[in-house]
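Here are my notes for you on this one, in numbered points. Have the model open while you read and click on each residue as it comes up.

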Amino acid sequence: MIIATLPADEELRLADLASYDILNTTAESDFDELVELAGQICNCPISLITLLDKDRQWFKAKRGLEGPGTPKDVAFCAHAILQNEVMVVEDARDDARFYDNPLVTGQPDIRFYAGAPIVSPNGYNLGTICIIDKEPKKLSETEERALLLLSKQVTKLLGLRNNNKLLRERAEEIITLKSNIINRVIQVQEDDKKSIALTLHEDLAQSLASSLMYIKMAVDNKSNYLPLLEIAQGQLNDTLVNMRSLSNSIVPSALDWVPAEDLIKEFVNKIAPTVPFKIKIKVSGKDKGNANQALISIRVLEQWLKILGGKKDVSEVTIRLICGEQFNLLIEDNGLFTQFDNLKKEIFDSLIYNRVQAIGGLIEWSHLGSKNLLKIKLPVFAENNTFAAA
């Protein structure tokens, strides 16, 4: 018996075979039908689709033979994949390669063998579609042609199988991506609830409590009540402005058809009296943003202006809106931020990062000369994109 030599590209061939994830899979009717057709056309009791792994010959489809495969050393197909045409053995007892092969001297008593190589879409001979008989015989030109055509059909099935595999993987990636987006949206919503609750408790509730205290003091001090009432009135006015600002940050008071820049301008005008620096807003671009982009921008602005309000060296903030293929929100300030890492941490610890990431946007922070720039890029949303309103 002569053991077949390995193909020159054996490692690449094995890698190509592994890429199809077909070894050890269950029977599939498309392959089984080709095996049945090969046996009927060539009038042989045994027909197989074999794939040559590193140390074994595995049967993807079989007819007239039991077992999952054979060792590679005794496989006729290991010789057949070394050529590109049909390999025919009319009587294995007369062939130096096979006369003492255990598959010839014992079960299944191979005498006749013909195998056409299965060439992968990448050009590697992965196995064969073959026919076997226990009696010596010849293969006609028509039968040889049929075997080659059937091997090409196996190649097409492998290609379709690989395409289906890629589609499944892509579908799984999309499902995972959507799941991650939903999880981020839920997290942002929870963060929103905490932020709103904190604002209501620390800012609005405390301001109201202080106003009530001054009103009570005015009632108890009738001789000097007017200054106390004026303080209470001022605090109540501030509380009203803050309540409107909070309400507008949750749901902008406009319809969907109002351009994003108008909604953002309205928000900036309302919040400007409450911050300790001067705010400018500039708009450029030929397109009009939508309400979804406005909502995200307003919530980002609210968070970032709150952070800037805590920096004593910020005296001027410029907001730029650029409406085009993407909706860009640029917030420039003149603060002297020397601790880049600390500011970067503030961005990522705030709701800004989660909010932008949740809808597939990008966020960048940079320091250029005497200016600091926070840049937000938002994707184009459908008007009723539910994720955008998170």
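1. Let's start with Asp95, which is buried, with a relative accessible area of 16%. Buried here means under 20% relative accessible area, exposed means over 50%, and partly exposed is in between (1.4 Å probe, protein chains only). Asp95 pairs up with Arg97 in a salt bridge, the closest N and O atoms being 2.9 Å apart. Arg97 counts as partly exposed, at 25% relative accessibility.

2. Before you go on, a word on the source: this is a predicted model, where local features need pLDDT of at least 70 and side-chain atom pairs count only at pLDDT 80 or more, while totals for chains, interfaces and linings use all residues. Residues are numbered from 1 along each chain as its sequence is written, and side-chain values use heavy atoms, with hydrogens and water left out.

3. Back to charges. Side chains of opposite charge can pair when their charged atoms come close. The cut-off for a salt bridge is a side-chain nitrogen of Lys or Arg within 4 Å of a carboxyl oxygen of Asp or Glu. How many salt bridges does this rule give? The count comes to 12. Among the residues involved, Glu10, Arg13 and Lys72 are linked in a network.

4. Asp53 and Arg56 form another salt bridge, with their closest N and O atoms 3.3 Å apart. Asp53 counts as buried at 19% relative accessibility, and Arg56 as partly exposed at 26%.

5. Now look at Glu332 and Arg320, whose side chains meet in a salt bridge (3.7 Å, N to O). Glu332 sits in strand β9 (residues 327–333) and Arg320 in strand β8 (residues 316–323), so this pair ties together parts that are 12 residues apart in sequence. Strands (E, at least two residues) and helices (H or I, at least four) are DSSP runs, numbered from the N terminus.

6. The C-alpha atoms of Thr50 and Pro117 are 9.4 Å apart, though 67 residues separate the two along the chain.

7. Last, find Leu236 in helix α6. Leu236 is partly exposed, with a relative accessible area of 37%.
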